[in-house]
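Please view the sequence and the structure first.

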Number of protein chains: 2
Amino acid sequence: MSILVVGSVAFDSVKTPFGEREHILGGAAMYFSVAASFFADVRLVGVVGDDFGKEHEAVFSERKIDISDLERVKGQRSFHWKGEYGFDLNVARTLDTQLNVFADFKPKLSEGARQADYVFLANIQPRLQREVRQQVRPRIVAADTMNYWIENDRPELLETLKVVDLLIINEAEARELAEEPSLIRAARRILGMGPTRLVVKRGEYGAVMFSQGSYFAIPAYPLEEVFDPTGAGDSFAGGLMGYLAATRASDEAAMRRAIIYGSVMASFNVEEFGCDRLRRLTYEEIDERFKTIKAMTHFGDSDAPRRSISA
Amino acid sequence: MSILVVGSVAFDSVKTPFGEREHILGGAAMYFSVAASFFADVRLVGVVGDDFGKEHEAVFSERKIDISDLERVKGQRSFHWKGEYGFDLNVARTLDTQLNVFADFKPKLSEGARQADYVFLANIQPRLQREVRQQVRPRIVAADTMNYWIENDRPELLETLKVVDLLIINEAEARELAEEPSLIRAARRILGMGPTRLVVKRGEYGAVMFSQGSYFAIPAYPLEEVFDPTGAGDSFAGGLMGYLAATRASDEAAMRRAIIYGSVMASFNVEEFGCDRLRRLTYEEIDERFKTIKAMTHFGDSDAPRRSISA
């Protein structure tokens, strides 16, 4: 089964407590597609400028990611993001954003792109997400969004949520979207907006999934060092959707395993700058980390030992 | 097997977004002993003043908690804490602390207290914790501490940690004690200070346990409302130690189940003010919540679906 991802391909300049890099390949759609490509065929719709060269194409071609729908704009530069992370790696500080070609991005879907069975609408303007949605008839549509759209484009976002099956956002976004400090109540409210499932990313605290009548929570894989958190959320979504597309399943058990694969891919992604770690990742490493998460969360059944305190 | 807890019995005046209460029974040793009493015999060493009356004794007697070692000081008042919580219920704001009888607390252990097989040193001055430790020969000694001692009594605390098996602290305390922002590295450093196991409480994000060569992590039971977080950490420790004492086990599997019981007891405790919820808790409710945590964390084994990308 094939996956379509629509979103940003960018260049990032990133500084973390462990080092810095200038103008490395980034963007939500890049991170998503590289992670998902381990499990399923992926086609990417996005836009880049003249600065997207052969060495950047290679990242996609070596993972057999289809970028024939990646638009190239002559005479302009790609989206550029510059940011840094302090020791609290959960929060990025944006130093500079140059939208460049991304400012006028209008996703153009080829006939092949419209045939995708799984669609991920990465974090772009909600109206654009919806326009993409209207051109596809997939099994599952997942979407991300961010505080900017929640605050500045709420009516459009709410319309888009009506046609999304799976919303994958972080904890602060969930509370803000629902206007509700209790995450449990926020989730219930969001499930009333359209999505049948909500996955909340919690960074070093793992992830939780809500649907009508079910709740699933996992801790994050324990890393000594988060080297560069950029792309964690999108590689999480990529692992998740990749697993679903590969197995064609969407029941609760499959969704749970998909979340584990999402966590696994995100945990590798943050170990190095950009997609460096994912580029040389092996299936053996993926399987080992899956087993580790299983082992570190497992516990046996039990009934409470009862103490008699009657007189 | 019997448990000894040494620590505070207090009166609390608490305000949360959901209401407020004046002068209700509190204190670490109270919360611990009520939670632990569901599983094992508990004996409490502490000190109170004249304001500790028959209705407060009843909380202990109805749970068959032995308070014959609870010292009564005539003409003085009990420890009193006044605090409030905002919508971020992880952080208490202390408005007033009156140590009263607790200022000169010197734990006095009867012969019966010294026979305890399990000992919990609640959050008191590290030197007092160590003096208690030297009078007992239990199977397991667990301890709590707080940022105040980490900052102002570090040498004494480090001496005490050398004679503690199980340290149960929150995440900020772990980072501060180890002087290390990475929790994984902080844990390794703390395990080098004496304890063979470290349990880190993370509030709404659950708990993690570290020991040489093992790591266990669980999410918290999902509550719509944390009504009053006071005593969450001590009821967690009470459930944990209670289970260990009841089963006389201390292997990894038992420790993991003990952490689940700790989480279960803490999750009930925060549903109402003081120990109101624990006082009417049933074993059926405990068993149900244990099963729910199991169900919400379970996922099946899997190998990664492999996609061939060779030419």
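Is E252(A) buried, partly exposed or exposed? In this predicted model, E252(A) is partly exposed, at a relative accessible area of 22%. The cut-off for buried is under 20%, so E252(A), at 22%, does not count as buried. Its salt-bridge partner is R256(A), with 2.8 Å from N to O. R256(A) is buried, with a relative accessible area of 10%. Both residues sit in helix α10 of chain A. They are four residues apart, which is about one turn of the helix.

**The two chains**

Chain A superposes on chain B by a rotation of 180°, with 0.0 Å of shift along the axis and an RMSD of 0.0 Å. That is the relation of a two-fold axis. Both copies use the same surface: 100% of the contact residues of chain A recur in chain B. Chain A gives 59 residues to the contact, and chain B gives 59 residues.

Interface size is often expressed as the accessible area that is lost when the parts come together. Here chain A and chain B bury about 5300 Å² between them. Carbon and sulfur atoms hold 51% of that area.

**Polar and charged contacts across the interface**

Between chain A and chain B there are 43 residue pairs in polar contact, both residues at pLDDT 80 or more. Six elements of chain A each supply at least two residues to the side that touches chain B: α7 (171-178), α8 (183-191), β13 (214-218), α9 (232-247), α10 (252-269) and α12 (283-297). The largest share, 11 residues, comes from α12(A). By type, this side of chain A divides into 29 nonpolar, eight polar and 22 charged residues.

Side chains of opposite charge can pair when their charged atoms come close. The count between chain A and chain B is 16 salt bridges. One of them joins K291(B) to D303(A), at 3.4 Å from N to O. Over all chains, the whole structure has 64 salt bridges.

**Salt bridges within and between chains**

| Pair | N to O distance |
|---|---|
| K291(B) and D303(A) | 3.4 Å |
| E252(A) and R256(A) | 2.8 Å |
| R277(B) and E271(B) | 2.9 Å |
| E271(B) and R289(B) | 2.9 Å |

Which residues of chain B pair with E271(B)? One is R277(B), and another is R289(B). E271(B) lies in the loop between α10 (252-269) and α11 (276-279) of chain B, while R289(B) lies in helix α12 (residues 283-297) of chain B, so their pairing ties together parts 18 residues apart in sequence. E271(B) is partly exposed, with a relative accessible area of 23%. R277(B) is buried, with a relative accessible area of 6%. R289(B) also counts as buried, at 9% relative accessibility.

Some salt bridges share partners. Those that do join E180(A), R185(A), R188(A), R189(A), E224(B) and E225(B) into one network. This network takes in residues of chain A and of chain B.

How values were computed. Residues are numbered from 1 along each chain as its sequence is written. Chains are lettered from A and ligands numbered from 1 in the order in which they are written. This is a predicted model: local features need pLDDT of at least 70, side-chain atom pairs count only at pLDDT 80 or more; totals for chains, interfaces and linings use all residues. Side-chain values use heavy atoms; hydrogens and water are left out. Copies are superposed by least squares on the C-alpha atoms of residues with pLDDT of at least 70 in both. Contact means heavy atoms within 4.5 Å. Buried area is the accessible area (1.4 Å probe) that two parts lose on being put together, summed over both. A salt bridge is a side-chain nitrogen of Lys or Arg within 4 Å of a carboxyl oxygen of Asp or Glu. A polar contact is a pair of N or O atoms within 3.5 Å; within protein, one must be able to donate a hydrogen and the other to accept it, and residues adjacent in sequence count only if both atoms are side-chain atoms. Ala, Val, Leu, Ile, Met, Phe, Trp, Tyr, Cys and Pro count as nonpolar, Asp, Glu, Lys and Arg as charged, and the others, Gly among them, as polar. Buried means under 20% relative accessible area, exposed over 50%, partly exposed in between (1.4 Å probe, protein chains only).
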